Structure formats: structure tokens, C-alpha cells
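Please look through the structure shown below before reading on.

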Amino acid sequence: MFLNTREGLALALPAAIFALLLFLVPVGILLSEAFQTDTGWSLRGYVDFFSKPLNQTVFFRTLKLGVLVAGTAAVIGYAAAFCIVNLNPSARGRVFGLVVLPLMISPVARTYAWIVILGRTGIVNDTITGLGLSETPIRLLFTETAVFLGLLQLFMPLMIISLVSAMENIPRDVIPAARVLGANWLQVFFKVILPLTKEGLVVGGTLVFTGALTAYITPAILGGSKVLMLETLLYQRVNVANDFVSASVIAMILIVMSFSANLLLKHIATARK
Amino acid sequence: MKSTLSIAVIACAVAGTAMAEDKTLTISVYSFAQDAYKEALYDPFEELCGCDLVIETGNSVERMAKIEANADDPVIDMAVISSHDALSLSRKDLIAPLDLSQLSNHAKLYPAAQDPIGGNMAVGYTFYASSIVYRTDLVEIGSWADLLGEKVAGRVSLPNITGTQGPLTLMMLAKASGNDTGDYSSVISDIGKHADDIVTFYSRSSELAQLMNQEEVIAAPVGRFAWSRFKSSPLPFAWAEPAEGQAGGMNVMIMTKGNGNEELAYQFMNYWLSTEVQTRVAEALIDSPANTEVVVSQEVADNLTYGAELINSLNILDPAEIIDNREAWVEQWNTEVIK
Amino acid sequence: MKNLSTWIILGLTLTFLIGPFIIIILAGASAGESLAFPPDGLSLKWYLKVFTIESFRDSFMLSMFLAIFGTLAALLLGIPAAYALNRYNLPGDETIRTIVAAPIIVPGIIVGLALLRYLVVPLDFTVTMALFMAHTALVLPYAVRVVSSSLNNLRADMEEAAVLLGCTRFQAFVKVVLPNIRGGVLAAFILGFVTSFNQVPVSLFLSGPGVKTLPIDMLAYMEITYDPSVAALSALLAFMSLAIVFVAERLLGFSRYV
């Protein structure tokens, strides 16, 4: 540890000042906009926003889809991460590479594919009607299901990556030992794996939840105006109605939601001993 | 690779500043058919004026928002938008009245296009009919009321209320239900009752074309300007001639206030309204002419909104009515239709 | 048996994750006029058409410029900051850490809107400048985090030794520290490049006449038509990203740093 504080600050401050002036200040002003009215500071922007049924629906839908996407990603992520960790090293590297791959691809491309996949004549509907699960094709596009699938595909890699690196830190013999001592797989998961990987879950959960809240393209293309989410609503309020108060309110909601998700997950992780 | 790239980027930046010193006209237009416009309008004009055109594209709502955001120092010199959007900009004092002495081709326009929003704040450059595109092999459309009927339930799309086509659809649905009060709240409630039967409320005709081509949607109201997307499809699409008639609208040219580039903008507007350009644009099947002197073949005419008889038969919604009521419509729409 | 279930789970997961990408590649190779899967016959015409679309060329250059120089700027700010946060006992270092990490927490669409409203409009910043700063800020947290973690693995006594042997602190940094963290720096660069290049929400509000990032331009193109050229372009871009990552992985074992 070096002691010359002035030198250290000279190195660290340019980055901090840049982020503060060109980033946090404009964002801060934007957030404060909803509190300003002609008569001074007030919460009216928030009251007005939440008094509209559409805005309430969009808020709860965003929350619901965020939780569902993060939850599903965690369930699948645990299964996939567990499999990946138990592969032999060369296969593990290759499979891990395939998991990371979608992150390198533009979200425009990834979302675009779903229009074709989920269409009436797309693969999913062909399979459903082919298997006789339904006589007529099911309407999937512009439903919450479509947005859910799109978001899950977009963000699941983040969960798997977080869980894989967490699981790599589990000592090799712990799970076989627990099995030998008579624990079933459910007990192994809740008593051994979960406690040892909770940090990975917190990181992955926050990344996926926040990602799902703030994605724009997926709800815009797969949800359209029938399945608005906060991010598409924000864009619409600004571009259709020049309504910066609603934009500011939504911005605050999004930030608060991401922060609370992170805090909540951390809390759960530390509470469960 | 990286160094050549950065050189290229710097070269671009330099070229960009050099260009800005020459004569430049920045225009804001709808995003469709840009290649065809380039050939029929932009390239010949650039040659004529010895200037560069900078073209901003997008849907009218987004482009309007930008004109408003840059009101103090306009980036856009002239724009083409819908007549009601022009009226809205005019009420916000963002556009300048046109000096008709600068537009020698003005007198050649259909009367309805000459001063569509009053005060010479805009001139129309194209008309479009609006009707229903449908799959002839799957359904028969004879009335606007069919859009909410049993036979297209689950496979119909309507335009979003926030776009230009939305209010036109409201007007025609009202007409179909015998409602001539000009109050569309019962129509919106009706759409709300059928919301589950409607695949989506589309905002771009390109999106609608994709949905209809992948058989998601089999009927939807759309502007004639988008008809070529459907005509070229291998699927059997037809343009309905509903009992209530077709709706119609007009797109107009406007001049942003205080842009300092008026001379060039007038030159461009006048060129666009000329018989020569209006004919070329019509023959390329992009926009239907507003210039009465344009003569096209029957085949071309079939693709357009062409001729005095058709134009006079269109049901046109008063721009003021749209502007005055839109907020209430959107409010009701948000509560009853997409809640 | 256990092996079988492992491969079923992985197979299904990977199909879900990679399948859409394969569909995009094939949809782009369609001989038909509209986006469809399975494609109506195969042809490379849409892949070729991508190169003839002028606005894609401009927006590709802009996105490249932002991704390369924005990330370099973020590294210029981020490496010294990471070094200081690791090696010095700074007053308020937690605050600095939080400020520098903030851009990752604030939703991108808000950043774009805020910069448009409070930098571009009142202060006469050009849209390109605002994009450059937004992308720099966006990459900064990654730069600091990734460089920090490689600094963590490097013992401080190496620099101490260099200083004792007569180097200045700066020389010690350039000659001892930098060569040892270059893998981390490169990893940060690639991560930043990909993040910036694919960024949508930040750029959503930051576009002007002739100034659009590539992803925004792709969305704009989809307003005109949904023809398969966007699919073809997406596939080409994905291959470009993959090639970059692949080369980096071969050279440096990049995935260790992600």
C-alpha cells in the first residue's frame, strides 16, 4: 500500500470526475425533473403516474417478467452450471464458450430471430400442431410469453457464467461426501450447493433481473404496444408525448428496482445460513 | 486493421467538416423508399443546386420530437410530415409560413393541397388512400366493420392510435357503425372489447408487411403508399373497396422557423412539386401526385391514389380534429384497449 | 445414465441459447424476399446487399469509432483509477469506486435521454460527442473492474523493488506493472468493445441526421422493410465479434478475465 495520497487521488480522480460530471449530474437532473412542479418540489409527478391504470399494469408486468426471467434463469442456470462444472476440462471449455457466445451477438439480431420462431408458421407452432398439442396454431407473438422467452434467451448466459464460477469454488469432495452421508439430491442442493454458491446467485440474479428491466429491443419488437414494459413505455412517453415527467418517474423506478433487487438478493443470501 | 480503420474514421470526420462548409440542406422525411427517392429526387436536385442533401429519416412522431427539441437552433431545414402533425408544429410556432412567390409550381396543385392547414403554413405534395389489405383466399372484406368481426378474430391488426393511420381507422369504424357525431369514444370502447382478437397495434407498415407475409395477420388497414409491399408478395393480397369508402390523408411540406437556409429549402420544395419530379416519383410508385398536371399510365395509376375523382371521394379527417382530440383518444385507448 | 442427463440438459440449454443465432444465419441466406425460416431457397444475395447499403457503412464506421476510441478513453481513465484504488490508501475510495461503477447500474435509455437533454441541447455538444462520452462512461466500470482484478493478482512488492532499484514510480508502472497486466487490459478492451458495439438503449435517443450507431441504424432499416438483409448483417457482425474473441482467446486466454 502506497501512502502518497495526493498522487493516488491524481490518478483516481479523472475517472471519478468524468463519471460524475458527464454522467451522474445529467442523470441526476433528469431524475429530479419529476419532483419539480410550477409551485416547487412535490411528488405530484409520481402520484399522477401511478394513478393511471396503464402505468400500473406496465409497472407490475415489468416486475413480474423481471422476477420470472431471473427465477427461470436461476433454475435452468443451476442445472446447466452443475453439468458444465462436472464435464472434463476440454469439453468444459468448449461448452462454456458456447454459453458465452450469445453475449457477443447484437441483441437486435437475437430478438429478430424470435419473430420468425414464434410466428404462426414458425418452428414452435409447427411443433405444437405436429405433436397434436393444439389443433390450431397458438398466438405467441406480442404476448408476455414472447417477451419472456426473448429476455430469457438474452440474459441467461449471465446467470450461467456467474453460477459456473461460483460452483468452481466448491471443494471437490463436498457433494460426494454429503451423498455418502445419506443426503438426497434436494438436500444436497439446499444444504450444500446453494449456500456455497449464493454469491454467484446474487451476482447472476442482479444482472439478469436488471437486464430484463432495462432491455428495450426485446419488448419493443416482441411485445409491441400490447405488451408495454417500463423501458418501452419510457421511450413512447418521450417520443409520442414529449412527456419528460413520466420519463423521469420511470427512470427513478428502474433505478430503485435494480438497487432493491440487488439488496434483497444480498439480504436473502446472508440470512440463509 | 485497427490503424487503417482509425485513419478511415479520421478521414470521415474531416470529410464531414469539409462538407458542412459547402451548401447543405437538411431534410427530414419518412424512411420508406429512400433508394427510389434518391434516384427520382435527391440526386437530380443535388446536381441542380450544387449542394448536398443531408437526410434524416424516421416516423413522423420521432422526427417531430426532434424538431421541437432543436427549436432554438433548427437542425432540420424542411420536413415532410402528415397534415395534422404540421398543424401541431404550427400551433407550437415551430414552422414558418410559406412564401408562395418562391413556389412557382404551387398553382398546379390540387386545391385541397394548396393550403391544407391554413395560413400557408404547409403545402401538400401527396395524397394517399387508406383501406384494408386482406388475404383473398382466407377472408372477404366488404366493410370496415369486418375488422372487428368474427371472421378475422385473432388474425387482424389495427394501426396504433399514436400513428397517422390510427385516427383514420377510428373515423371509418365510426362511419361503419352509423356514428357521424365525430365522437369516437364508443369506437375506442368497441376496439377495447375486441382487444384480445387483435394480434397487435402496429406502428410501422414494414412490421405489418412482415406479419402478413408470415401469415400472422390476414387483414389490416394500411395506407396506399405501403401497398407495393403487399402486391409483390407471393401470397394473394387484395386492396379492399369497403362499402363506407376509403379513408384518405395528405402529407405536406413544412419549413422550420428561422433555419437560415430558406432559399435552398424553397428551391427544393418547388423542385419536388414540379410536374417533372412528381411524375417521376409517381412512376416509381412511391408517392401519388398532388400536382394536377401529372399524367401516368393506367397501370401506374392502379398502384397509386391518382386522379381527381378518387381524391375527391376520399374520407379525409380534419387535421384540427385529430390534434384537438388525440390526447383524449390516447388516454381512453390506454385505459380501455391496451391496459 | 448420469452422462445422458447431463447432455440432455446441456443440449436443450444450448439449443435455446444458440438456436436463434443459427436461424438468423440461415434466414439471411434466403433466396426469397421476406424474412422466413426455413428460408425460401438459399442464396447469398442478402449478404451481398448488406455491403451496398450506404447508411450501414456510415453507421458501421461510427460504431467502430465509438467502440475503439470510447474503450481506449475508458482505459486511459480506468487503468490509473484501478491502480490508485488498489495500491493507495485513498480517503473516500469507496465513494470513488461507486461513482466509477455507476454507469453500469443506471439504465442506458436514461443515460441517453439525460445526455440529450442536458448536454446536447443546452451546451451545444454534437451528438457524436455525446455518444462518445456515453460509450466511454459505459465501458469505464468494466475497465476498472477487470484491470483491478488483474492488479489484485500482481504483488505490489515488484513495483517497490523497481522503485528501490532507482525507477521513478511512473517508470515502475510502465516497465513492471503494465507488462504484467496486459492480458487484463486486453480483456477489458474486448469486453468494452463488444459492450459498446452492441449497445442499444444509450444510443436510442442519441441520433441525428446522418449520425446513427449501427444497431440503431438496423432498427431504422427495419422501419423500412423486414427483408433478410438485417438478418444477414446480424450474422456478419456476430462472426466479426466471434473472430475478435477467438483471436484474443488464442493469444491470451481471454475467458480467464471475464
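Is A:Pro171 buried or exposed? A:Pro171 is exposed, because 8 other C-beta atoms lie within 10 Å, where a residue counts as buried if 20 or more other C-beta atoms lie within 10 Å of its own, as exposed if 12 or fewer do, and as partly exposed in between, with C-beta atoms placed from the backbone. This is a predicted model, in which local features need pLDDT of at least 70 and side-chain atom pairs count only at pLDDT 80 or more, while totals for chains, interfaces and linings use all residues. Residues are numbered from 1 along each chain as its sequence is written, and chains are lettered from A and ligands numbered from 1 in the order in which they are written.

A:Pro171 is found in the loop between helix 7 and helix 8 (174-180) of chain A, helices being DSSP runs of H or I of at least four residues and strands runs of E of at least two, numbered from the N terminus. From A:Leu13, A:Pro171 is 158 residues away in sequence and 40 Å away in space, C-alpha to C-alpha.

Within chain B, helix 7 (residues 185-193) packs with helix 14 of chain B at an angle of about 25°, their axes being 9 Å apart; the axes are lines fitted to C-alpha atoms over the stretch in contact, and angles run from 0 to 180 degrees between N-to-C directions. Helix 7 and helix 14 of chain B are therefore roughly parallel to each other, the term used for angles under 35 degrees. To this contact helix 7 of chain B brings B:Ser185, B:Ile188, B:Ser189 and B:Gly192, and helix 14 of chain B brings B:Trp329, B:Gln332, B:Trp333 and B:Glu336, where contact requires C-beta atoms, placed from the backbone, within 7 Å.

Turning to the chains, 19 residues of chain B are in contact with 18 residues of chain A. On the side of chain B that touches chain A, helix 3 (60-69), strand 7 (198-202) and helix 14 (319-336) of chain B each supply at least two residues, and the largest share, four residues, comes from helix 3 of chain B.

Chain A also meets chain C, with 59 residues of chain A in contact with 67 residues of chain C. Helix 1 of chain A gives the largest share of the side of chain A that touches chain C, 18 residues.

How values were computed
Contact = placed C-beta atoms within 7 Å. Parallel < 35°, antiparallel > 145°, perpendicular 65-115°, else oblique.
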